[in-house]
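This briefing sets out the computed features of one structure for use alongside the sequence and coordinates. Please read it with the model open.

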Amino acid sequence: MDFLVRVETVLPPDMPEPDRRALLAQERQRGRELCAAGIVQRIWRLPGQLANVAIWSTPGPEELHEALVSLPVWRYARVTITALAEHPLDQQQQ
């Protein structure tokens, strides 16, 4: 199943800078792992925000949830998920 996922990260303003840098480095590493596993198919940064939108692909919503909660920033994240279905016009493109 494919999902359009928006992740907005809202870090506490009083988070010490070394902790912030370490957390974001852990997040980049986990993101690379999810991309390598084929779970994150495409990802785009939202300029001017600590946020992104991406196409995630998992067998179902339970696996999507497991992948999302594995993100180091999970507890600071606002996540919006939209399930995607094939569109007949897309089939003409293939």
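The model is predicted. Its largest pocket has a volume of about 600 Å³, and helix 1 gives the most to the lining of that pocket. The structure holds three salt bridges. In helix 2, the buried residues line one face of the helix.

**Largest pocket**

- The volume of the largest pocket is about 600 Å³. Its lining comprises 21 residues, and those closest to the pocket centre are E27, R28, I43, L50 and N52.
- Strand 1, helix 1, strand 2 (40-45) and strand 3 each supply at least two residues of this lining.
- Helix 1 makes the greatest contribution to the lining, with seven residues.
- By residue class, the lining of the largest pocket consists of 13 nonpolar, four polar and four charged residues.

**Helix 2 and its packing**

- Helix 2 spans residues 61-69, and L64, A67 and L68 are buried there. Viewed down the axis of helix 2, its buried residues fall within an arc of 100°, so they line one face of the helix.
- The face turned away from the buried side of helix 2 carries E62 and E66, which are exposed.
- The buried residues of helix 2 pack against two strands given as strand 1 (2-9) and strand 3 (51-57), and also against helix 1 (17-36) and strand 4 (77-84).

- The side chains of E8 and R78 form a salt bridge, with an N to O distance of 3.9 Å. This pair links distant parts of the chain, since E8 belongs to strand 1 and R78 to strand 4, 70 residues apart.
- E8 is partly exposed, its relative accessible area being 25%.

- R21 and E17 are joined by a salt bridge between their side chains, at 3.7 Å from N to O. The two residues are four residues apart in helix 1, and therefore R21 and E17 are separated by about one helical turn.
- R21 is partly exposed, with a relative accessible area of 48%, and E17 is partly exposed as well, with 39%.
- R30 and E33 form a salt bridge in which the closest N and O atoms are 3.1 Å apart. Because they are three residues apart in helix 1, R30 and E33 are separated by about one helical turn.
- R30 counts as partly exposed at 22% relative accessibility, and E33 also counts as partly exposed, at 37%.
- An α-helix has 3.6 residues a turn, so residues three or four places apart point the same way.
- Side chains of opposite charge can pair when their charged atoms come close.

**F3 in strand 1**

- F3 is found in strand 1. This residue is buried, with a relative accessible area of 3%.
- Residues up to four places away in sequence being left out, F3 touches A54, I55, W56, T58, G60, P61, L64, I81, T82, A83 and L84.
- F3 and L64 are 61 residues apart along the chain, and their C-alpha atoms are separated by 8.5 Å. L64 is among the buried residues of helix 2.

**T9 in strand 1**

- T9 also lies in strand 1. The relative accessible area of T9 is 13%, and the residue is therefore buried, the cut-off for that class being under 20%.
- Neighbours within four places in sequence aside, T9 is in contact with L50, V73, Y76 and A77. L50 is also one of the residues closest to the centre of the largest pocket.

**L23 in helix 1**

- L23 is placed in helix 1. It is buried, with a relative accessible area of 10%.
- The contacts of L23, its neighbours within four places in sequence excluded, are L11, M15, P72, V73 and Y76. V73 and Y76 are also among the contacts of T9.
- L23 and G38 are 15 residues apart in sequence, and the distance between their C-alpha atoms is 23 Å.

Key
Residues are numbered from 1 along each chain as its sequence is written. This is a predicted model: local features need pLDDT of at least 70, side-chain atom pairs count only at pLDDT 80 or more; totals for chains, interfaces and linings use all residues. Side-chain values use heavy atoms; hydrogens and water are left out. Buried means under 20% relative accessible area, exposed over 50%, partly exposed in between (1.4 Å probe, protein chains only). The arc is that of the directions from the helix axis to the C-beta atoms. Contact means heavy atoms within 4.5 Å. On a 1 Å grid over the protein atoms alone, a cavity is a set of points where a 1.4 Å probe fits but cannot get out, and a pocket is an open set with protein on both sides within 12 Å along at least five of seven lines; lining residues have an atom within 4 Å of a point. Grid points are joined across faces, edges and corners, and a volume is the space filled by probe spheres set on the points. Ala, Val, Leu, Ile, Met, Phe, Trp, Tyr, Cys and Pro count as nonpolar, Asp, Glu, Lys and Arg as charged, and the others, Gly among them, as polar. A salt bridge is a side-chain nitrogen of Lys or Arg within 4 Å of a carboxyl oxygen of Asp or Glu.
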